[in-house]
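Here's a quick briefing to read with the model open beside you. Take a look at the structure first, and then we'll go through it topic by topic.

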Amino acid sequence: MAASGIRFAAVKATEGAYYPNPYALSDLAGAKAAGLSVVAYAFAIPNGNGSSSDPVAQADYLLNHLGTQSSTVPIMLDIEYNPYGANANGLSATAMVSWISAFDAEIQGKTGRQPII
């Protein structure tokens, strides 16, 4: 990929606090080995979708899944229109900002780096 001009890879590591991508760690390693810059991302599920809706729990779930790579790989929060139901996961604009802020604070507090949104 790097030889064809691709320079960056974003790898989904988790979704909410219920799905760990079993290929994330090997995909991150492979992309790095191919000369790409990488970022690991959490697909946010602010309504929990049957699991924890807590942003801190979702941030910690991501960090735990990444293990030691959480200290070296940049973290990104993928926050989207809810593909599973209500727009904005049923949250008001104020509640969504609070959710994102809490996720960001947990990542920054544990890694010393601000996540990409």
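Let's start with charge: the mean positions of the 5 positive and 8 negative charges of the protein are 11 Å apart. Here Lys and Arg count as positive and Asp and Glu as negative, while His and the chain ends are not counted. Each charge is placed at NZ of Lys, CZ of Arg, CG of Asp or CD of Glu.

This is a predicted model, in which local features need pLDDT of at least 70, side-chain atom pairs count only at pLDDT 80 or more, and totals for chains, interfaces and linings use all residues. Residues are numbered from 1 along each chain as its sequence is written, and side-chain values use heavy atoms, with hydrogens and water left out.

**Overall build**

- The protein has 3 helices and 4 strands; these are DSSP runs, numbered from the N terminus, with helices being H or I of at least four residues and strands being E of at least two.
- Along its principal axes, the C-alpha trace spans about 45 × 30 × 25 Å.

**Inside and outside**

- Of the 117 residues, 41% count as buried (buried means under 20% relative accessible area, exposed over 50%, partly exposed in between, with a 1.4 Å probe and protein chains only).
- The protein exposes about 5,900 Å², and carbon and sulfur atoms supply 56% of it; accessible areas come from the Shrake-Rupley method with a 1.4 Å probe, and for residues only the protein chains shown count as cover.
- Among contacts (heavy atoms within 4.5 Å) between residues at least 6 apart in sequence, 73% join residues at least 24 apart.

**The sheet**

- The 4 strands form an open sheet in the order β2-β1-β3-β4, with mixed pairing; two strands pair if DSSP finds at least two bridges between them.
- At the edges sit β2 and β4 (75–78), each pairing on one side only.
- β1 (residues 8–15) runs parallel to β3 (residues 37–43) over 7 bridges, and Lys12 has Tyr41 in β3 as its bridge partner.
- With β2 (residues 19–20), β1 pairs in the antiparallel sense over 2 bridges, and Glu15 stands opposite Tyr19.
- The β1 and β2 hairpin has 3 residues between the strands, and Gly16 there takes a positive phi near 55 degrees.
- β3 and β4 are parallel partners over 4 bridges, with Phe43 standing opposite Asp78.
- Both faces of β4 are covered: Ile75 and Leu77 on one side, and Met76 and Asp78 on the other, are all buried.

- Asn49 lies in the loop between β3 and α2 (55–66). Its phi is near 50 degrees, a positive value in a residue other than glycine. Most residues other than glycine have a negative phi.
- Is Asn49 buried, exposed or partly exposed? Asn49 is partly exposed, with a relative accessible area of 37%.
- Gly109 belongs to helix α3 (residues 93–111) and is exposed, with a relative accessible area of 64%.
- The C-alpha atoms of Gly109 and Ser98 are 16 Å from each other, and the two residues are 11 residues apart along the chain.
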